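Please look through the sequence and the 3D structure below. A short briefing follows, grouped by topic.

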Amino acid sequence: MKSQSNSQQNNIVPANATFHNQKNKLLLPAWLVIGFFLVVPVLMMLVYSFLTKEFRGGVIWEFSLAAYDQFFFDRGLFGDEPAKIDWTYIKIYGRSALQALIATLLCLVIGFPTAYYIATRPVRSRPLWVFLITIPYWVNLLIRTVSMKFLIRDNGPLNTWLLQAGIIDQPIHLINTNLAVQLGLFYSYLPFMVLPIYASIERFDFSLSEAAADLYASRWTTLRQIILPMVKPGIIAGCILVFVPSLGAFLAPDLLGGAKNFMIGSLIEEQFKGNAGNWPFGAASSMILLIIVLLVLLIYARNESHAQGAR
Amino acid sequence: MNITDQSIDRNANSPEQNTLLTTDVPVDTAIDIQNLSKHYTDVVALDNISLSIKDKEFFTLLGPSGCGKTTLLRIIAGFESVSAGKVFLHGKSIADLPANKRPINTVFQQYSLFPHMSVADNIKFGMQMKGSSASHINQRCEQMLALVQLSDYATRKPSQLSGGQAQRVALARALAPEPEVLLLDEPLSALDLKLRQAMRLELKQIQQETGITFIFVTHDQEEALTMSDRIAVMSAGKIQQIGSAHTIYEKPQNRFVADFIGETNMLESTVTQVIDSKGSSNALVCELTGLGQITASSSADIAPGTTGSVCIRPEHISILETAHNESQLKGTLEQLVYMGTDTQATIRLTNGASLLVRSPNSAAQKITAQPGDTVGIGTDENAARFLID
Ligand SMILES: Nc1ncnc2c1ncn2[C@@H]1O[C@H](COP(=O)(O)OP(=O)(O)OP(=O)(O)O)[C@@H](O)[C@H]1O
Ligand SMILES: [Mg+2]
């Protein structure tokens, strides 16, 4: 399988000029959409983050580093004290990253066996399983998050059932905890983990695991040394697809985490809401988030190209 | 031909020796299969198979596509459960041993090399899983690379190998942990003809050097005939005949074997007289329908009056320019096809059946008759074989 795909890659003939032009024309609408709805807003954010805030929301067109200064430094209430590092926002970012990381791990631990199970079903029944996984996601994220809040309340159905079943003798306090946020994020993004892993396990040639068993490998060793290395791209894709939106999520932290468990998403949202906001600060916070995400992707891409080069 | 092959041929030819060999000399059995059956929901893949494979033997399973060869190998390897019957390895039942605990390795048809590992790591994998020492693993890996002549390729990835090289890595990987039995599922079928022929000799040589029992699966009769100590011919989940290449080719037990291996002539006939009956080798006189009489051999006990076919290989028939006597078979030469080393002739017999003859193009044996000529037909001694339909 591997050798085939490789030789195909090697056999690709450089497309001739006309064909190339044709292809570019076909891509034009896509480029326009991406340019208009992605590049322009990001540039706007970049510009806004360097402007001066207007007190009732909006900006004054005057260059200022105040937003970034506010993010990183503390200069006292009136801005006249010597600058020292302000950990408030950095901590929010750190906590968000940790929450997103835990949610990603949860998704991985639950998602991998699920994907493995689906990918090893008979070919005919696989689409049905994939369909079942995606059904809850036909419902709006807000409604799902609110219903989760209802489910895990102190006197909600989850606690009632656990009490009735005698598994616990006191309601578990979940709402407004870190765990609730992690569970909420996990629930929001699970399919983004399952689907790419499923796709790569489905492509895995299971005769390789027979070959491993033939050469005295246990099931566990086969999973670790043969299957995991080969489905790694799917796992990494899944982790990125869960981690990145979790990092900037605001519904789950807002509804399930309460004020104590403030995350990046809520911080940014606040800055653009009503009259109390601070647009340049919100823009600067967004830019910092964007830079973190790009760094994560860059590190991944570099690792990947190193691995490719070694091959 | 190697020594084992000749000894088997000899015992197949002389029944007295045969009895001596099988009863007095204990044969070390590597794999013993007893009454093995395998049913899938809608097919019977293996139907009550019994066979035993000797230690250090090159044993071949030969049969048409879908006859159950791969299924049998997969059962021996431990990838497939059995519906009935038992498999023994050196006298011990291996029913309860999972695949990864059986000292049996496989060379897979599609090689199944681990694509993310180098050639050397592929070869080392089995030994590492067995927990051999690092120094032994490295030494043995080099030895294996040398054996398959790939010492310069240790650091390559499988995707950077040609088909023949990948095939040899698969062989080295399976041999490295020193299995008691090596299973090979059509390992040469993905190679081109030249390479396939070269690899046949190489495989045979490696088997003799390592002294490991090989169970080799193929649907290519030439491959089976040139490499094997013994061959089991299979069809539709059953074993049709087991024997040396010589026995299978010269003394087929039934029509399927005679038809499947090489080219043959089948002539309808009835047994008129049993001359000599010695259990596994009987001499008969057969009446070829509408042609005359011929003496033939048979491995089964046959009573006069039995109907069946007489089978004669094309190379055991000679064309006689003039009919010497009345009792001789006669026919009209229809076609001559020059084939390099041989000439192939088609003869229309007096009863309407057509007969294929192959004769070497040497000066002594060259066919001089022309199409249209009436010719006499001679057969080599012991060449005719009577088979029940
Ligand atoms: N997993 C399975 N489920 C159902 N039927 C099967 C399965 N595997 C094999 N069979 C059937 O069992 C029979 C024997 O198959 P097997 O693969 O052993 O044939 P083979 O002799 O190896 O053929 P080939 O030369 O084409 O490889 C076939 O009829 C096949 O369709
Ligand atoms: Mg097969």
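How many salt bridges does a search of the whole structure find over all chains? The search finds 15. A salt bridge here is a side-chain nitrogen of Lys or Arg within 4 Å of a carboxyl oxygen of Asp or Glu. This is a predicted model, in which local features need pLDDT of at least 70, side-chain atom pairs count only at pLDDT 80 or more, and totals for chains, interfaces and linings use all residues. Residues are numbered from 1 along each chain as its sequence is written, chains are lettered from A and ligands numbered from 1 in the order in which they are written, and side-chain values use heavy atoms, with hydrogens and water left out.

**The two chains**

- Chain A has 13 helices and 4 strands. Helices (H or I, at least four residues) and strands (E, at least two) are DSSP runs, numbered from the N terminus.
- The C-alpha trace of chain A spans about 75 × 70 × 35 Å along its principal axes.
- Of the 311 residues in chain A, 34% are buried. Buried means under 20% relative accessible area, exposed means over 50%, and partly exposed is in between (1.4 Å probe, protein chains only).
- Chain A exposes about 18,800 Å², and 68% of that comes from carbon and sulfur atoms. Accessible areas come from the Shrake-Rupley method with a 1.4 Å probe; for residues, only the protein chains shown count as cover.
- Chain B has 10 helices and 20 strands.
- The C-alpha trace of chain B spans about 80 × 45 × 45 Å along its principal axes.
- In chain B, 49% of the 389 residues are buried.
- Chain B has an accessible surface of about 17,700 Å², with 49% belonging to carbon and sulfur atoms.

**Nonpolar cores**

- The largest nonpolar core has 72 residues. Such a core is a set of buried Ala, Val, Leu, Ile, Met, Phe, Trp, Tyr and Cys residues joined through side-chain atoms within 4.5 Å.
- Residues with the most contacts inside this core include Ile31(B), Leu72(B) and Phe114(B). Contact means heavy atoms within 4.5 Å.
- Helix α8 (residues 178-203) of chain A gives the most to this core, with 11 residues.
- Leaving aside neighbours within four places in sequence, Phe114(B) touches residues of chain A, including Leu208(A) and Ile226(A), and residues of chain B, including Asn122(B) and Arg173(B).

**A buried helix and a buried Asn**

- Helix α3 (residues 69-77) of chain B is largely enclosed by the rest of the structure, because 7 of its 9 residues are buried. Among them are Lys69(B), Leu72(B) and Ile76(B).
- Gly78(B) follows α3(B) and has a positive phi, near 100 degrees.
- Asn122(B) sits in helix α4 (residues 119-130) of chain B. With a relative accessible area of 0%, Asn122(B) is buried.
- The side chains of Asn122(B) and Arg173(B) make a polar contact (3.4 Å). A polar contact is a pair of N or O atoms within 3.5 Å; within protein, one must be able to donate a hydrogen and the other to accept it, and residues adjacent in sequence count only if both atoms are side-chain atoms.

**Salt bridges**

- Asp229(B) pairs with Lys204(B) in a salt bridge, with the closest N and O atoms 3.3 Å apart. Both Asp229(B) and Lys204(B) are buried.
- Glu263(B) and Arg358(B) also form a salt bridge (2.1 Å, N to O). The pair ties together parts that are 95 residues apart in sequence, because Glu263(B) lies in the loop between α10 (255-260) and β11 (265-278) of chain B and Arg358(B) in strand β18 (residues 354-360) of chain B.
- Glu263(B) is partly exposed, at 39% relative accessibility, whereas Arg358(B) is buried, at 18%.
- A network of salt bridges links Glu210(A), Arg74(B) and Glu80(B).
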